[in-house]
Amino acid sequence: MRIDVHAHYFPVEYLDRLDRYAGTKATQFFRKAGLASEGFSGIEAHFRNMDLAKVDLQVLSVSGQLPYFANENDAVDAARLGNDFYARIVSEYPKRFAAFACTPLPHVQASITEMTRALDELGMVGVTAGTAVLGKSIADSSFDGFFGELNRRKAVLFIHPIGGSAGSPLIESAKLTWPIGAPLEDTICMLQFMQANIPSRFPDIKIILPHLGGFAPFLTARLDQLQDHFLPESAAPPSVQAKYFWYDTVNANPSALRCTQEAVGTDRLLFGTDYPFWRDDAFKLCADYVAEAGFSKRDVDRILDGNAQKLLGL
């Protein structure tokens, strides 16, 4: 069973709610790019792409448009709406979709409550979170209670960039927010997790980093050489801590995939497509490049299927 762990579905109803609470048209890009769907109208496009790349099941998340608001009631309402909508999709097509739950961060207790509802009542297979929450790193100590509950549950946490250009006006002005800013967010988030000692303090959380972990695998030796610049003296080398995480394969460059595989091992790689941002020919490429990267058939099968099936209990 080929499992895609990185896919999205953006209901118009949910985007409308985000815009109402944000007081802006923050979701305008998604609408103009044709990424928003009225009700279940976009499901057929999912099926067409999934069939094209022989994908059996997608794990959906609203990542990239998360319900993070300073007002707790607004955040809770938006999170519940998103999770309820996803639960309906999974209920309607249980053999084709699973879902990661969103939570109303930065409100930790409310997020734990919604996590409990989503995992225990709605049957979601994990939780998603942004690399940052209202300007604060997801690795910030204020979220320790949230991580403590994830750890207690031995839950899966899927991380996703928020499109914040990693706080760089240069990246934003050059229109490189998603080409460069997103993988940079992934990289920074991974290193912030190490700085916060997340791998040691919360060893039972199964954290998935998107886009092959950004630039981190390419920089493994450099990070080890310079770890005294950003990690405590007692910390394990970044190359060792990197093996704590899982990495989705959204990238499509065989050399990058081989680099990540050499850095963290085949068991830490999970097939992903980032649909609908990668669709049609690009969607198929996400699957084809894994098979064409020069790995053994056994390793390809583990990346496309076995690793996710084991991690998510599917």
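**View 1. Strand β9 and its covered residues.** Strand β9, a DSSP run spanning residues 156-160, is mostly covered, since five of its five residues are buried, where buried means under 20% relative accessible area, exposed over 50%, and partly exposed in between, with a 1.4 Å probe and protein chains only. The model shown is predicted, so that local features need pLDDT of at least 70 and side-chain atom pairs count only at pLDDT 80 or more, while totals for chains, interfaces and linings use all residues. Residues are numbered from 1 along each chain as its sequence is written, and side-chain values use heavy atoms, with hydrogens and water left out. V156, F158 and H160 point one way from β9, whereas L157 and I159 point the other way, and all are buried. Strands (E, at least two residues) and helices (H or I, at least four) are DSSP runs, numbered from the N terminus.

**View 2. The strands that pair with β9.** Two strands pair if DSSP finds at least two bridges between them. Strand β6 (residues 126-130) runs parallel to β9 and is joined to it by four bridges, with A129 standing opposite I159. Strand β10 (residues 206-209) also pairs with β9 in the parallel sense, over three bridges, and here I208 is the bridge partner of F158.

**View 3. Helix α6 and its surroundings.** Within helix α6 (residues 144-153), the residues F146, F147, E149, L150 and N151 are buried. These buried residues pack against α5, β6, β9, α8 (177-195), α9 (198-201) and β10, contact meaning heavy atoms within 4.5 Å. After α6 comes K154, whose phi is positive, near 55 degrees.

**View 4. Helices α4 and α5 packed together.** Helix α4 (residues 72-92) and helix α5 (residues 108-121) pack at an angle of about 15 degrees, and their axes lie 11 Å apart. The two helices are therefore roughly parallel to each other, a term for angles under 35 degrees. In α4, E72, V76, A79, R80, N83 and D84 meet A110, E114, R117 and A118 in α5. The residues of this contact divide into four nonpolar, one polar and five charged, where Ala, Val, Leu, Ile, Met, Phe, Trp, Tyr, Cys and Pro count as nonpolar, Asp, Glu, Lys and Arg as charged, and the others, Gly among them, as polar.

**View 5. S41 in its loop.** S41 lies in the loop between β3 (36-37) and α3 (43-52), and S41 counts as exposed because its relative accessibility is 52%. The C-alpha atoms of S41 and I159 are separated by 27 Å, the two residues being 118 residues apart along the chain.

Key
Axes are lines fitted to C-alpha atoms, for helices over the stretch in contact, and angles run from 0 to 180 degrees between N-to-C directions. Angles under 35 degrees count as roughly parallel, over 145 as roughly antiparallel, 65 to 115 as roughly perpendicular and the rest as oblique.
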